[in-house]
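Please keep the sequence and the 3D view side by side while reading.

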Amino acid sequence: MDWSFALETFISLVAAIPLTLQLAATSILLGAVLALALALLRLSGVRVLDWFARLYVFAFRGTPLLVQIFLIYYGLSQFPAVRHSFLWPILREPYWCAVIALTLNTAAYASEIIRGGLLSVPHGQVEAARACGMPSFMIFRRIVLPLAVRQALPGYGNEMISMVKATSLASIITLMEVTGVAAKIISETYRAIEVFVVAGLIYLAINFLLTRLVHLIEYMLSPHLREPRLQTSVQGESK
Amino acid sequence: MNQPGFLDIISFGPGGWGAALLTGAMMTILIAISGFAIGSVIGTFGAWAKVSGGKTIRFIADGYTTVLRGIPDLLVIYLFYFGGSAAVTAIGRFFGSDGFIGFPGFLAGALAVGITSGAQQTEVFRGAFKAVHRGEIEAAIACGMSRGLRFRRIIAPLTVRHALPGMGNVWQVVLKESALVSITGVVELLRQAQIGAGSTGMPFNFYVVAGATYLAISTLSGALLQRSERHFSRGVRRN
């Protein structure tokens, strides 16, 4: 291993980390909103909506992400109507095409995770909330969603990690994120192993931090599973 | 306009791309099967290393699965494609040939897919082995079966039964991952669609056809997997 070359590579790859993180964060956040909507469609009980969500999930989970990216980036430009529409400034940009494709893709996977979480909420909790006189939106906001989020979090963590990995495909449509820069250096120098090790370490570090973060959120969301902390102040004194 | 219509693309007649796309689909299946087979072999050894290896072997196996599950598959393909070419060129130089020797894209792709799916299959097999009841193995020992016989008649079939659903998931992932091999220039389904898109100027139609073909392959293989699951679960009582 040539250390000075590895260091040089590391410096140029670090500069590409923000783009990788930006792609991942944008698509995970937008994807979560879409995923929640899809999960609610699946559970809505309205057959048309249910089938729409099913079809969506089937199509996006059954095709490679790269095909979806190509379909949006190259495919849509086939139509003059798209090229002349107000959306063209967005659909012309590889960055936005990558974000759109990643968002649509992750929404399909995440909607199933969220659906599982929503289904896992014990019926008794909802009944108790109804008995307290909560309106249905409040039940959803205060009872169902927090419990579902807690339940879905481990699975969602895995999905986030695969999204970080999936951002590497953006390099194929010319975006210079970590993998894009790595591929450029490899094809210029043909020193695949050094570049692979450095780029791999960067992805591992990102994913490691991400798992820690998910664990932290999991910890914060499950106070009822923790050992009670010793109360040092006497009750009622704080008032 | 003299542009081919949607049906002309998939037609098998003159000027149609049906035959080319079908050949590409065959190549996709071939890559996926090779990668999956390599991954199964790696997974078997990985699971064995994790279950009954010594401290060092277990450490290596843990490192392998952690690293490969945290790194984008695309990066691994780049490593094998460019790294393989560099290695082959170096070997060629050793034997007196000068000049660049390319590493076959198919081999690089199958190896890369195999190694990434091997990490997933290690976990699948390990979990499946853990699910085999101790009592079954004890009973086999009590019957006086030798180690080999025990593995062949008791452990292997039971492990496969528990591993099949997980293996089905890995297969679907492998199938979609095989699309990434298109970057090495292997003319599989996605690459063929790219070629068609380039020469007709109709990217949308071609990528839609490619996506639909992936969906068809994954649906068909999913149905096959379900049948084999039923085969290996004969005699399991369902409540």
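Helices here are DSSP runs of H or I with at least four residues, numbered from the N terminus. This is a predicted model, in which local features need pLDDT of at least 70, side-chain atom pairs count only at pLDDT 80 or more, and totals for chains, interfaces and linings use all residues. Residues are numbered from 1 along each chain as its sequence is written, while chains are lettered from A and ligands numbered from 1 in the order in which they are written.

Leu21(B), Ala25(B) and Ile29(B) of H2(B) meet Val209(B), Thr213(B) and Ile217(B) of H9(B); contact requires C-beta atoms, placed from the backbone, within 7 Å. By class, 5 of these residues are nonpolar, 1 is polar and none is charged (Ala, Val, Leu, Ile, Met, Phe, Trp, Tyr, Cys and Pro are nonpolar; Asp, Glu, Lys and Arg are charged; the others, Gly among them, are polar). An α-helix has 3.6 residues a turn, so residues three or four places apart point the same way.

How far apart are the end C-alpha atoms of H9(B)? They are 43 Å apart, which agrees with the 44 Å that its 30 residues should span at 1.5 Å a residue, where the expected span is 1.5 Å times one less than the number of residues.

Chain B also touches chain A, with 28 residues from chain B and 31 residues from chain A. H9(B) gives the largest share of chain B's side, 10 residues. That side divides into 22 nonpolar, 5 polar and 1 charged.

Definitions and conventions. Two residues are in contact if their C-beta atoms, placed from the backbone, lie within 7 Å. Helices (H or I, at least four residues) and strands (E, at least two) are DSSP runs, numbered from the N terminus.
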